Amino acid sequence: MLGTGELRAHLIQERLAGAIATTREKSLGRYRLFAARDPRVLMGLDPERDWPLGEVLRLMGQKCGVSDDPAHTSGLDVIDPERTIAALDRFAVRIGVAAERRTPVLLGTGHPHRLLDFYAALADALSAAGCPVLTPAYGVRVDIATQFGVRTRFLDYVRGVALMRETGVRGASGVGGVHTHSPLPVRTALGAAADVRGPLPGLVIGDHGWVCGAGQLGIEGIGLADTDDPALFVGQAEGRVSEVVPLDDSARAASYRPLARYVINRACLSG
């Protein structure tokens, strides 16, 4: 298991925290869109109040450690690794509580090429602890708006983790898995579970629309978020998302595996 010092060094070396690849220009652009309530960045969240740009920027400074100076408009974003570690510890506590209570869980990602292994390791550990890992709406088609127009995807599960694929493409996790911010996948999964009167998740673990969409429907969600994903942090500030870990979500897939081991050990699920 990584100690805190080793974890901090790993976060910085892999650019998951410290200076990250996400640019200040991209983050500020997303903050402006969020302030304007653009659905593309709300990720299924319907904020309870207005969030002007200045307040979004201050919140992201508090939660991630990015500069809250509006005059800072270029360069790379910076995430405070201490904030990442503290959030990982709280994330692990919530995983541990779910395991202790044998809570049904749903895991899903909009970053199948990057974060699938992280979530799959958690799914394995939670399943071994007696938590039902749910897979509702397997194979169901979902029409999702993209920058190229509406595209038809289908809901797949790999090692207990939901992801969206291009229609007609099956196989390994990296084949056909698509990046998405949409809340439609989690709404589809939850709707299917309700329709068959199966168990509903007590906890949703993931990113993007998986967490915000679940939180908006009153289901507890925890997840990971980059500095250009303000919706999750606003959801946390408004009480609809339980925990958000700030980190770069577009690094090498292998760089997240030590984080999964850290969480599993902190949650006392490694045995």
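Biologist: Which residue forms a salt bridge with aspartate 38?
Modeller: Arginine 40 does, and the closest N and O atoms are 2.7 Å apart. A salt bridge here is a side-chain nitrogen of Lys or Arg within 4 Å of a carboxyl oxygen of Asp or Glu. Keep in mind that this is a predicted model: local features need pLDDT of at least 70 and side-chain atom pairs count only at pLDDT 80 or more, while totals for chains, interfaces and linings use all residues. Residues are numbered from 1 along each chain as its sequence is written, and side-chain values use heavy atoms, with hydrogens and water left out.

Biologist: Okay, so where is aspartate 38?
Modeller: Aspartate 38 is in the loop between helix H2 (24-35) and helix H3 (39-42). Helices (H or I, at least four residues) and strands (E, at least two) are DSSP runs, numbered from the N terminus.

Biologist: Is aspartate 38 buried or exposed?
Modeller: Its relative accessibility is 15%, so aspartate 38 counts as buried. Buried means under 20% relative accessible area, exposed means over 50%, and partly exposed is in between, using a 1.4 Å probe and protein chains only. Arginine 40, at 59%, counts as exposed.

Biologist: How many salt bridges does the structure hold?
Modeller: There are 20. One of them pairs aspartate 229 with arginine 30, with the closest N and O atoms 3.4 Å apart. That pair links distant parts of the chain: aspartate 229 is in the loop between E8 and helix H9 (230-237), arginine 30 is in helix H2, and they are 199 residues apart. Aspartate 229 and arginine 30 are both buried.

Biologist: What about arginine 159?
Modeller: The side chain of arginine 159 meets that of aspartate 124 in a salt bridge, 3.6 Å from N to O. Arginine 159 is in the loop between strand E5 (149-158) and E6, and aspartate 124 is in helix H6, so the pair ties together parts that are 35 residues apart in sequence. Arginine 159 is partly exposed at 45%, and aspartate 124 is partly exposed at 44%.

Biologist: Which residues do salt bridges that share partners join into one network?
Modeller: Lys26, Arg30, Asp228 and Asp229.

Biologist: Changing topic. How many aromatic pairs does a search of the whole structure find?
Modeller: Two. In one, the rings of phenylalanine 91 and phenylalanine 118 have centres 6.2 Å apart and planes at 50°, so the pair is tilted. Phenylalanine 91 is in helix H5 (residues 81-101) and phenylalanine 118 in helix H6 (residues 112-128), 27 residues apart. In the other, the rings of phenylalanine 118 and tyrosine 119 have centres 5.3 Å apart and planes at 80°, so that pair is edge-to-face. The rule is that rings of Phe, Tyr and Trp (its six-membered ring) pair if their centres lie within 6.5 Å, with planes under 30 degrees apart counting as stacked, over 60 as edge-to-face and the rest as tilted.

Biologist: Are phenylalanine 118 and tyrosine 119 buried or exposed?
Modeller: Both are buried. Phenylalanine 91 is buried too, with a relative accessible area of 0%.

Biologist: Which residues have the most contacts inside the largest nonpolar core?
Modeller: Phe91, Ile95, Phe118, Leu122 and Ile205, in a core of 44 residues. Such a core is a set of buried Ala, Val, Leu, Ile, Met, Phe, Trp, Tyr and Cys residues joined through side-chain atoms within 4.5 Å. Several elements each supply at least two residues, among them helix H1 (4-13), strand E3 (105-108) and helix H10 (257-266). The largest share, nine residues, comes from H6. A second, separate core of 23 residues includes Val41, Leu45, Val56 and Met60.

Biologist: And what does leucine 122 contact?
Modeller: Leaving aside neighbours within four places in sequence, leucine 122 is in contact (heavy atoms within 4.5 Å) with residues including Phe91, Leu107, Ala260 and Val263.

Biologist: Last one: where does serine 182 lie?
Modeller: Serine 182 is in the loop between strand E6 (161-166) and helix H7 (184-195). Not counting residues up to four places away, serine 182 touches Ile144 and Gly209. Gly209 is one of the buried residues in H8. Helix H8 (residues 208-216) is mostly covered, with eight of its nine residues buried.
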